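Subject: Structure handed over, with notes

Dear colleague,

I am passing on the structure below and would be glad if you could read it alongside the notes that follow.

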Amino acid sequence: MPNDTPALLTILGMAFVTYLTRAGGLWLMSFVTPSPRVEAWLRQIPGAVLVAIIAPTVLASSLAETLASLVTVLVAWRTKNVLVAMIVGVAAVWILRHLL
Amino acid sequence: MDKANLTASADTTSKNITFTLSGALLGARRTIPIAISVFAIGLVFGVLARQAKLSILESFLMSGLVFAGASQFVALSLWIAVPLPVITIILTTLVVNLRHLLMGASLRPWFSQLPLSKAYASVFFMVDESWALSMSDFAAGGRDMAFLLGSGITLFVAWVSSAVIGHALGSTIQDPAQWGLDFAFTAVFLALLAGMWKGKSDLLPWAVAAIVAVAAAHWLPGKWYILLGGLAGSVTGAMTNAQ
């Protein structure tokens with residue numbers, strides 16, 4: 001058991017810094033006076049962060065991912081259903097990876 | 001006219017925020033499809049943790065206390081060194097998870113009406129997927145902040161249980177990428193984005209976010225691309241939409 005101390009310390013350290021990142025955004029914003037410009041910025045974050053998360057996979061991995069992304073957006077737009085879009089998207093990427 | 005509408009809606013958005021059990025249950029229900037994919041990825045984490053010589057208890061603790069998939073996989077890739085590079089792993093975890101700062105900042109208007117204890121407890125369970133679902137629900141008019149907590153706890157249960165099961169089962173688990181399951185998160189985020197699209201005013205900020213993210217993913221290690229793309233896109237949007 002004493003040999004496991006570095007591993008436990010590492011896990012606790014990881015947990016600590018990760019919680020800091022989760023609480024830090026809320027905490028830092030308490031020093032920012034709300035203004036129309038700040039609120040306009042906060043409203044833009046969800047879309048921009050989501051685009052940033054997916055952009056490398058959608059645009060710069062392979063043709064299968066790019067085409068499956070197009071299919072997913074079309075299905076989401078037509079059905080307004082996230083679950084259906086997810087299932088069709090996963091099926092599309094699975095088929096396209098085998099075909100391409 | 002756009003500006004008047006935006007400020008009017010901003011005034012109403014931060015009022016009448018609730019935090020109820022039914023809100024949490026709604027968040028949980030909406031999250032179940034994604035939790036299935038999270039469970040599949042968590043199984044892989046458990047398998048890799050076992051290969052990296054983590055005990056089942058350590059795998060359980062890491063998934064339960066850190067609860068941030070990308071940084072946990074990166075940590076496993078560093079875990080093989082002897083002696084264990086404790087500081088390197090902790091600092092790398094910090095950098096990979098810096099994107100949470102932006103996500104937390106975007107929650108501030110919603111949490112400003114609620115006790116701080118609820119806000120700081122809820123963000124422990126905030127991951128990309130639960131945050132994205134919540135922002136999408138709020139954009140559609142939802143006003144119950146417990147949605148975020150219910151969604152997060154659902155993913156937490158899937159993530160922690162799958163880490164333990166994956167560790168116990170070992171290499172009998174197949175790679176989810178073989179079934180296209182690795183694409184599930186991208187598909188969900190695309191579908192949420194399709195619902196968030198408000199019109200041409202989103203085009204420029206989203207294009208900036210995409211270009212900066214692709215460039216950063218190419219040139220920089222880890223997850224810097226999310227923070228940089230998200231910052232560039234949101235600042236662009238704030239400047240073009242506030243005029």
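A crossing is called left-handed if the near helix is turned anticlockwise from the far one by less than a right angle, and right-handed if clockwise; helices (DSSP runs of H or I, at least four residues) and strands (runs of E, at least two) are numbered from the N terminus. By that convention, the crossing of α3(A) and α10(B) is right-handed.

This is a predicted model, in which local features need pLDDT of at least 70 and side-chain atom pairs count only at pLDDT 80 or more, while totals for chains, interfaces and linings use all residues. Side-chain values use heavy atoms, without hydrogens and water, residues are numbered from 1 along each chain as its sequence is written, and chains are lettered from A and ligands numbered from 1 in the order in which they are written.

On the α3(A) side the contact (heavy atoms within 4.5 Å) is made by S69(A), T72(A), V73(A) and A76(A), and on the α10(B) side by A187(B), L190(B), A191(B) and A194(B).

Chain A has four helices and zero strands, and the predictor gives the complex an ipTM of 0.89 and a pTM of 0.84.

Best regards
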